[in-house]
Amino acid sequence: MVTSQATSIRHCARRQSSSPISMRARRCFDELEELSRSRGELANRSLAEWGIAVAAWRAGDLGEAERHLRESVRIRRRARMPYLHHAALNVELAAWIAARRGRHERAATLLGAADSLLTRHGTPI
């Protein structure tokens, strides 16, 4: 069950992640991860792991970004979460990481997959 506290933290993280001050967003996502882990809430925990991965990617720490992205995907699979939009965000982030590593063909393939998922969700890239 999503609590109002988790909802508030999630909104904080989303607002901050689009700003140039991504360390503040990282703190929000860290707090959301801790809260959702303590309560066994998987959807917000998966989203938090994704947000932490984005912050790590922006900071240039691709290893950390990949670890948190894998954890986000692992949680989604375990919970059998049907949210196409969240799945697409994970695939898109994998593409960004691949591009940063110079794996441009892989990045293009992943972006195509993300676009396909987002198109089914009604929000193409």
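Phe-29 is buried, with a relative accessible area of 1%; buried means under 20% relative accessible area, exposed over 50%, and partly exposed in between, for a 1.4 Å probe and protein chains only. This is a predicted model, in which local features need pLDDT of at least 70, side-chain atom pairs count only at pLDDT 80 or more, and totals for chains, interfaces and linings use all residues. Residues are numbered from 1 along each chain as its sequence is written, and side-chain values use heavy atoms, with hydrogens and water left out.

**Aromatic pairs**

- The structure holds two aromatic pairs; rings of Phe, Tyr and Trp (its six-membered ring) pair if their centres lie within 6.5 Å, and planes under 30 degrees apart count as stacked, over 60 as edge-to-face and the rest as tilted.
- One of them joins Phe-29 and Trp-50, whose ring centres are 6.4 Å apart with planes at 85°, so this pair is edge-to-face.
- Because Phe-29 belongs to helix H2 (residues 22-39) and Trp-50 to helix H3, the pair ties together parts that are 21 residues apart in sequence.
- Trp-50 also counts as buried, at 14% relative accessibility.

**Helix H3**

- Helices (H or I, at least four residues) and strands (E, at least two) are DSSP runs, numbered from the N terminus.
- H3 is mostly covered, as 15 of its 17 residues are buried.
- The 17 residues of H3 should span 24 Å at 1.5 Å a residue, and the end C-alpha atoms are 24 Å apart, which agrees; the expected span is 1.5 Å times one less than the number of residues.
- At the start of H3, a side-chain oxygen of Glu-41 comes within 3.4 Å of the backbone nitrogen of Ala-43.

**Cavities**

- A search of the whole structure finds three cavities of 30 Å³ or more. On a 1 Å grid over the protein atoms alone, a cavity is a set of points where a 1.4 Å probe fits but cannot get out, and a pocket is an open set with protein on both sides within 12 Å along at least five of seven lines; lining residues have an atom within 4 Å of a point.
- The largest cavity holds about 50 Å³ of space, where a volume is the space filled by probe spheres set on grid points joined across faces, edges and corners.
- Its lining includes Ala-43, Trp-50, Arg-76 and Asn-90.
- Helix H3 (42-58), helix H4 (62-79) and helix H5 (84-100) are the elements that give two or more residues to this lining, and H3 gives the most, with four residues.
- The lining of the largest cavity has five nonpolar, four polar and one charged residue; Ala, Val, Leu, Ile, Met, Phe, Trp, Tyr, Cys and Pro count as nonpolar, Asp, Glu, Lys and Arg as charged, and the others, Gly among them, as polar.

**Pockets**

- The largest pocket contains about 240 Å³ of space, and Glu-66, Leu-69, Arg-76, Asn-90 and Leu-110 are among its lining residues.
- H4 supplies the largest share of the lining of the largest pocket, seven residues.
- Six nonpolar, one polar and five charged residues make up the lining of the largest pocket.
- The second largest pocket has a volume of about 160 Å³, with a lining that includes Glu-66, Leu-69, Ala-94 and Leu-110.
- H4, H5 and helix H6 (104-121) each give two or more residues to the lining of the second largest pocket, and H5 gives the most, with three residues.
- By class, the lining of the second largest pocket has five nonpolar, no polar and four charged residues.

Notes:
Polar contact = N/O pair within 3.5 Å; in protein donor to acceptor, adjacent residues only side chain to side chain.
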